[in-house]
Amino acid sequence: MTNPPSTRTNAARSLGRRLMGRQEAGLVLVTAFVAAALTLLAGSHLDRRAGVMVNDFWNSHTLVQTATDASFFAIMAVGATVVIISGGIDLSVGSIYALSGVASAILLRSMGEMPAAATVLVALLVCAGVGLLCGIVNGALVVGLKVHPFIITLGTMWVLRGIAFVATRAESILLPPALTGFAKASLGLGGGLYPVPMLLMLGVTVAGALYLTRTVPGRHVFAFGGNLEASRFAGLPLGRIQIGVFAVSGLTAGLAAFLGAGFYGSVSSGDAQGYELYVIAAAVVGGASLIGGRGSAVGALLGALLIVLFRQSIRTLRFDQNYEWIVVGCAIIVAVVVDQWSTRAAARRMSRAAEAAPAA
Amino acid sequence: MTNPPSTRTNAARSLGRRLMGRQEAGLVLVTAFVAAALTLLAGSHLDRRAGVMVNDFWNSHTLVQTATDASFFAIMAVGATVVIISGGIDLSVGSIYALSGVASAILLRSMGEMPAAATVLVALLVCAGVGLLCGIVNGALVVGLKVHPFIITLGTMWVLRGIAFVATRAESILLPPALTGFAKASLGLGGGLYPVPMLLMLGVTVAGALYLTRTVPGRHVFAFGGNLEASRFAGLPLGRIQIGVFAVSGLTAGLAAFLGAGFYGSVSSGDAQGYELYVIAAAVVGGASLIGGRGSAVGALLGALLIVLFRQSIRTLRFDQNYEWIVVGCAIIVAVVVDQWSTRAAARRMSRAAEAAPAA
Amino acid sequence: MSTPAVRFEDVRKRFPGSVALDGVTLEIAEGSCHALCGENGAGKSTLGKILAGIHAPDGGRVLVHGREVRFGGPRDALAAGVGMVHQELAFCDNLSVAENLCLGALPARRGWTDPAETIRQAEALLAETGAELDVRRPLGELSTAQRQLVQIAAAVGGGARIIIFDEPTSSLGQHDAERLYALIGRLRARGVTCIYVSHRMPEIFHLCDAVSVLRDGRHVATRPTAGLTEAELVRMMIGRPAAEYLPAPPMTGEATELLRVDGLTSPGRFHDVACTLHAGEVVGLAGLVGAGRSEVAEAIFGLDPAARGSVWVEGKPVRIRTPRQAIELGLGLVPEDRKKQGLVLGASGVHNTSLPILRRLSPGGWIRRRAERALAVDYFGRMKVRTPSPETPVAGLSGGNQQKVVLARWLAAQSRILMLDEPTRGVDVGAKAEIHALITELAARGSAVLLISSELPELLALSTRIVVLRGGRIAGELHRAEATQDRLLRMMAGLADEAPSSTGAGSMEN
Amino acid sequence: GQAKTAEQPKGGAPAGDGTIRIAVIAKSSNNPVFLAARTGAEAAAREISARPGGPKVEIMWLTPPQEDGQVQAQRIGQAVNEGANAVLISASDAGKVAGAIDDAVARGVEVMTFDSDVPQSKRFAFYGVDDIEIGRTVMRELAVQLNERGSVAILAGNQNAPNLQRRAQGVREEAAKHPGIRVVDTFNHIETPQDAAAEVIRVNNAYPEVTGWAMVGGWPLFTQTLLTDLDPARTKVVAVDALPAQLAYVEKGIAPVLVAQPVYQWGYVGVQNIVTKLQGGTVAQRIPMEPVRVTKDNLNQWAAQLRDWGFTDVPARFLTGAPAASAPAQSTAAPAASAPATTAAPAARP
Ligand SMILES: Nc1ncnc2c1ncn2[C@@H]1O[C@H](COP(=O)(O)OP(=O)(O)OP(=O)(O)O)[C@@H](O)[C@H]1O
Ligand SMILES: Nc1ncnc2c1ncn2[C@@H]1O[C@H](COP(=O)(O)OP(=O)(O)OP(=O)(O)O)[C@@H](O)[C@H]1O
Ligand SMILES: O[C@@H]1[C@@H](O)[C@H](O)OC[C@H]1O
Ligand SMILES: [Mg+2]
Ligand SMILES: [Mg+2]
């Protein structure tokens with residue numbers, strides 16, 4: 001990454017650099033390494049369709065499925081990253097996911113038969129709207145009551161799931177097929193491959209990356225998390241920023257719920273229980289600092305991918321299922337440590353380079 | 001509380017003040033208020049033994065039961081408070097609880113028949129020891145790897161429960177009756193009243209309060225959480241302090257597990273799942289600040305008691321159980337807000353008093 | 001005087017991002033008061049921290065009283081009789097003053113802390129510095145100056161034989177500074193060796209026997225102060241002669257009124273403050289520490305919700321409730337504490353510069369990054385900000401350069417009314433002169449500047465008029481022609497005009 | 001604890017006003033199977049209260065929000081403290097609640113278990129399926145569907161639930177008797193429909209040889225995703241339970257057989273037996289619940305049954321042909337299904 005630039009690759013490189021820093025490059029390497037290791041260590045099986053032997057991990061089905069598994073976490077992790085950059089934390093995303101899904105399912109059920117496009121649109125609007133609203137409530141409570149986000153979102157985590165529960169009485173509610181048709185559209189891939197979750201994940205990540213690095217509100221989030229007092233002295237709209245980060249987090253939870261409702265075709269008040277911790281872990285593995293001021297959307301995506309890969313590895317390598325928790329727990333700590341080391345190493349390299357080159 | 005001191009009550013007052021500040025006095029009032037409201041609003045039923053009508057809430061059984069229910073949370077919340085005062089967080093206490101319980105049950109099973117006292121002693125030592133060890137591991141990882149406690153304890157939360165799971169193969173293990181005999185000793189109360197959990201809770205709280213307010217390591221925890229840099233400059237043993245707080249938290253989780261194993265007579269790897277959040281909530285309701293530097297053991301006890309009372313109120317007032325989540329979520333936020341207000345009001349009163357009286 | 005109290009031998013220290021010390025060798029004589037001078041980032045604090053056991057050197061040796069030491073932490077240093085008054089005032093706000101003072105070794109009996117003994121020891125420590133404080137108070141309630149005094153008491157009281165003072169007067173007013181000088185005198189009488197870091201030239205000549213100069217982490221020279229001139233010292237520090245340490249006073253004529261406040265009151269902080277700023281004017285705001293100067297500036301800037309009063313900008317009555325409104329009206333505030341209030345330390349110079357005006361650079365909310373960078377680079381160039389690159393996080397810049405970034409922000413914002421709160425605190429002579437020149441230039445170009453400073457020479461040299469605040473009320477106003485250090489001091493302290501001062505600050509004027 | 005008469009104060013006699021208060025503590029309110037149990041318990045209470053001269057029966061629903069044996073034990077104690085006459089419980093962790101049950105019995109409160117038993121306690125009766133046997137049934141049915149050949153994965157829900165563990169054990173025991181069947185592994189997961197479905201998809205990719213799924217609970221089939229992801233020509237599922245969302249899988253032939261628990265009866269039969277017991281009647285210690293074999297043949301009947309049990313999400317298409325509430329829910333009789341495994345076992349009636 002520190003080789004002298006060559007003119008040919010410059011354009012592509014600068015495009016990549018816009019969305020991805022040194023930090024993320026390290027994560028990409030780690031992810032690639034894990035994927036390569038899995039491919040090498042995995043067995044192979046006969047693909048019945050194609051009639052050839054394929055690698056147990058490196059085959060289109062497993063790869064797309066891994067991306068699909070990651071997509072729900074990744075989408076929420078982008079939102080979580082925004083909150084974490086601001087120095088906050090959001091424990092309520094799992095509950096927002098459940099409530100958004102339940103709300104859209106109940107509404108769609110009450111609306112009866114509708115054209116496919118309308119169904120998808122209603123579901124999207126309701127999920128996104130409910131998610132956004134819950135996020136704004138979180139933010140407003142944090143700002144208005146001056147209570148630590150951990151406590152506010154712990155409270156709303158219970159309250160929102162409680163509302164979803166009362167609304168459904170724990171029944172799972174089916175969604176109209178139009179929604180599944182959308183979330184499982186093959187888009188020409190065919191063969192039981194569903195690219196929509198992956199595409200939505202990429203879309204949300206790019207949007208998140210642009211928001212964080214290229215917009216005023218995004219930049220304000222970094223300032224807020226980097227130094228609250230200095231942000232006040234610089235005249236930033238602190239309340240709006242803080243409400244904003246929770247709104248984004250709620251919105252991504254709503255989007256993930258839209259995707260989940262469509263993909264799985266049913267919702268229940270128990271959905272996404274405990275996801276908040278996976279989502280925060282993904283953001284932190286992706287380089288977000290819980291102290292605030294640091295993090296990236298691309299990192300969140302990669303963090304979610306890595307965690308899902310770790311879980312996948314147990315199945316791919318046919319380890320005893322019982323060890324899943326131990327493996328995932330260790331892997332998360334190791335991933336964060338590796339990420340911190342590579343960040344520090346990058347900082348050292350950068351400073352050495354800066355020393356060599358005279359001041360601008 | 002701000003009346004001029006009278007010599008007669010001075011001794012008792014100063015004793016009380018040692019363990020309880022203005023902060024806790026406010027919480028005591030809130031708890032008393034909730035208990036009074038419950039008593040007034042509760043119905044009554046026939047006590048079959050005594051043959052008289054008794055209040056549904058204000059009767060010895062319900063009160064002891066409420067204290068018992070709170071005891072597990074409260075004991076762990078004292079440990080959590082210590083971690084929180086240091087500016088950290090411990091998500092692994094539920095898993096430590098499970099692992100300590102499981103370890104002692106497996107060991108006792110393998111040791112076969114023993115005298116009652118020996119059984120109790122072994123269980124106590126194993127639970128406390130395993131808890132302490134897990135806590136030290138947490139602390140050592142936080143210090144050694146320089147990773148945020150949230151992530152380390154999230155990782156160990158999964159790993160430790162995974163170990164408990166593998167060790168038990170998810171079966172629940174029964175404990176020898178001697179242990180139940182201890183935890184459910186009537187101590188002369190009789191009539192199905194079990195005071196031991198309550199006494200252990202009080203003991204741990206007093207020990208925690210003395211540790212925090214009257215010992216050098218305890219004061220160091222406040223310094224560490226108040227200002228890390230200042231603590232470094234003052235030459236405090238930072239690593240040892242941070243390992244210490246997690247050790248205390250692990251120890252209290254182990255003690256709670258000892259109590260739980262005895263009281264319920266069986267353990268399994270699924271025990272205390274999700275308790276970490278209740279425990280943290282109890283500590284914060286009890287006045288601990290997640291930013292560090294503030295908190296008290298007595299507050300933790302009161303916080304746990306309040307949360308259990310809120311849960312209790314749903315049944316006592318015969319609300320539909322389905323609303324439990326909503327009620328508990330709201331109550332926690334409200335409790336923290338009330339606590340913050342009363343703290344601020346107390347600070348204002350104090351500063352006004354300081355203004356009135358010139359500095360000594 | 002045979003073995004030096006301290007000897008640094010080829011001491012090296014690098015941080016990620018910079019080389020702080022690059023082979024420093026120097027000696028500090030037993031019982032002397034030895035000044036350490038140098039520009040911001042020269043490595044003074046780092047050298048002190050190595051001696052105090054906070055940093056371990058990467059290379060070289062440290063000898064104390066002739067014996068090599070390797071401190072594992074501040075505790076070891078304290079045990080070896082080395083104490084330090086830190087530049088950053090770091091305290092545990094949640095603990096009492098007494099506990100902060102005894103933090104390193106809390107009095108305890110049989111494992112239990114001894115609160116009465118803690119209070120007794122703390123009071124004894126404070127008495128040494130002459131500060132009067134209730135040690136039972138939470139430290140968080142103290143003002144900056146009081147904190148500085150506690151910091152000094154903590155370091156001095158440990159019975160240390162060698163004490164490093166790292167810019168101990170940067171938050172002290174004249175009065176408290178005098179007390180510190182007296183304290184140092186008493187310490188020296190007891191044979192304590194003092195290492196004194198400061199950017200204030202008069203102090204150095206007043207207090208120290210010898211001075212060592214650091215530049216870019218290297219030792220340049222060590223000289224006795226006797227016979228050394230200020231100009232020579234400055235030349236050693238910055239490697240060239242400083243053209244003018246303080247610039248000529250700005251020209252003034254009656255010009256358009258840019259800011260007027262009247263009846264500004266914030267209950268418990270300040271009352272009935274009135275003042276007017278004209279284009280081309282530098283108005284000084286003087287007062288003892290705690291007089292409420294910062295609070296007044298912050299209130300004008302919309303940071304004090306409790307403040308009441310009338311404000312006019314360019315003749316129009318306005319209501320400023322948030323800093324945002326203030327910025328839109330052309331106000332800018334360089335806060336007192338640049339690390340806490342001024343900068344997002346982890347963010348780049350560019351991002352820090354554009355922070356308050358990002359919206360202006362971003363049509364539709366999209367940041368025009370090229371324009372943003374160009375703007376920052378432009379002002380960095382004009383202000384001679386030294387940074388590896390505009391993208392470098394400002395945490396890695398020296399104090400003076402950080403201060404320039406905060407100033408650049410308001411220049412880039414085109415603020416016409418600038419309130420500068422201690423703009424040269426902890427800034428080295430070279431940067432200080434540049435900032436002074438800049439203030440003069442700004443006024444000359446038609447801006448109005450409200451200058452808050454605890455350094456009277458700075459105020460006297462730069463201001464057109466000086467408003468004096470005492471106990472939150474205006475004590476008076478002096479035109480530059482009638483202002484002298486002595487008159488200002490009397491007005492600040494509330495003394496009658498004629499009575500001669502006993503602890504003459506005049507003794508410090510060269 | 002057998003045959004106590006109403007004169008004895010310790011016999012769980014009704015409270016002062018003659019009302020019988022029964023605390024119902026299911027495993028978790030998050031699990032839809034217990035929704036019907038509540039409906040059943042409340043229906044029984046209404047019926048008994050409506051009988052002329054009969055006692056008033058009141059249901060206290062004390063189910064914790066999430067599975068937690070410790071909390072269940074606490075709630076037993078609370079129910080007793082608040083004057084309950086009896087407790088009906090499905091234990092999340094038998095060991096944890098045994099002590100609390102015995103304490104309750106010692107204080108004169110009758111306890112009955114359903115769904116998940118606590119055999120080591122002083123509870124007077126258990127009503128529920130035989131878990132080992134239902135696991136065997138699942139595997140037997142699956143073996144038939146697979147023509148005795150293939151690799152089978154077991155989906156087992158929360159790893160700590162003892163009744164689910166026994167069901168998985170039953171599956172494995174039965175599989176051992178079928179030489180052509182190989183069990184690849186047992187997979188646990190968070191008990192939400194989406195997590196369960198995701199686990200099935202993951203396992204299908206990692207173990208492409210799997211052609212049969214033995215599910216000891218219905219979780220993944222509460223979603224619709226496996227309707228498209230499982231090819232009925234290739235993969236067969238047999239699952240315990242038959243909640244509304246699962247019916248489409250029967251219809252499509254992915255899950256040709258569901259082994260349903262008549263979950264409504266948990267509450268209905270439980271309350272009836274408790275009242276019998278409190279009124280001095282005799283109740284058998286083990287009241288077996290017979291699972292219902294749900295296939296295409298009795299799909300509509302079963303769907304109507306589910307609707308009558310209080311489920312609101314029964315797809316309309318299964319309800320059209322069905323007889324409008326043939327009132328099976330009112331009696332304790334199981335739906336008149338034609339399947340062989342179907343027998344109803346209303347145990348004790350007053
Ligand atoms: N903890 C640290 N981490 C990284 N860099 C540091 C650290 N401490 C000091 N530096 C860097 O080391 C160099 C020397 O810093 P030092 O604080 O010793 O300077 P100084 O002479 O005390 O300056 P000032 O007059 O501003 O106090 C600077 O470039 C500074 O940025
Ligand atoms: N954090 C604080 N808590 C309580 N009181 C404070 C605090 N900071 C300042 N004060 C009080 O407010 C008053 C004004 O203090 P401030 O330091 O702002 O004055 P100043 O004139 O700006 O002095 P400085 O030279 O320190 O800038 C003083 O009485 C001081 O004790
Ligand atoms: O009876 C089972 C119940 O105990 C479990 O928890 O959920 C699935 C049901 O089959
Ligand atoms: Mg310095
Ligand atoms: Mg000030």
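Colleague: How many salt bridges are there between chain B and chain A?

Modeller: First the ground rules: this is a predicted model, in which local features need pLDDT of at least 70 and side-chain atom pairs count only at pLDDT 80 or more, while totals for chains, interfaces and linings use all residues. Residues are numbered from 1 along each chain as its sequence is written, chains are lettered from A and ligands numbered from 1 in the order in which they are written, and side-chain values use heavy atoms, with hydrogens and water left out. A salt bridge here is a side-chain nitrogen of Lys or Arg within 4 Å of a carboxyl oxygen of Asp or Glu. Between chain B and chain A the count is zero.

Colleague: What share of the area buried between chain B and chain A comes from carbon and sulfur atoms?

Modeller: In contact (heavy atoms within 4.5 Å) are 42 residues of chain B and 42 residues of chain A. Buried area is the accessible area (1.4 Å probe) that two parts lose on being put together, summed over both. It comes to about 3700 Å² for chain B and chain A, and the carbon and sulfur share is 85%.

Colleague: Which helix gives the largest share of the side of chain B that touches chain A?

Modeller: Helices are DSSP runs (H or I, at least four residues) and strands likewise (E, at least two), numbered from the N terminus. H5 (116-145), H6 (149-168), H12 (275-285) and H14 (324-356) of chain B each supply at least two residues of that side. With 14 residues, the largest share comes from H6(B).

Colleague: How many salt bridges does the rule find across the interface of chain D and chain B?

Modeller: This interface joins 40 residues of chain D to 38 residues of chain B. The area buried is about 3300 Å², with 39% from carbon and sulfur atoms. One salt bridge is that of B:Lys184 with D:Asp103, at 2.8 Å from N to O. Across the interface of chain D and chain B, the rule finds five.

Colleague: Which element gives the largest share of the side of chain D that touches chain B?

Modeller: Strand E2 (56-61), helix H2 (69-81) and helix H3 (94-106) of chain D are the elements that give two or more residues to this side. The largest share is eight residues, and its source is H2(D).

Colleague: Which side chain has an N or O atom 2.5 Å from an oxygen atom of ligand 1?

Modeller: Ligand 1 is surrounded by 16 residues (a heavy atom within 4 Å), and the closest are C:Asn40, C:Gly41, C:Lys44, C:Ser45 and C:Thr46. For C:Gln87, a side-chain N or O atom is 2.9 Å from a ligand oxygen, and a polar side-chain atom of C:His199 also lies 2.9 Å from one. The 2.5 Å distance belongs to C:Thr46.

Colleague: What percentage of the area that ligand 1 exposes when taken alone does the protein bury?

Modeller: Strand E2 (18-28) and helix H1 (44-51) of chain C each supply at least two residues of the shell around ligand 1, and H1(C) gives the largest share, three residues. Accessible areas come from the Shrake-Rupley method with a 1.4 Å probe; for residues, only the protein chains shown count as cover. Taken alone, ligand 1 exposes 630 Å², and the part buried by the protein is 74%.

How values were computed
A polar contact is a pair of N or O atoms within 3.5 Å; within protein, one must be able to donate a hydrogen and the other to accept it, and residues adjacent in sequence count only if both atoms are side-chain atoms.
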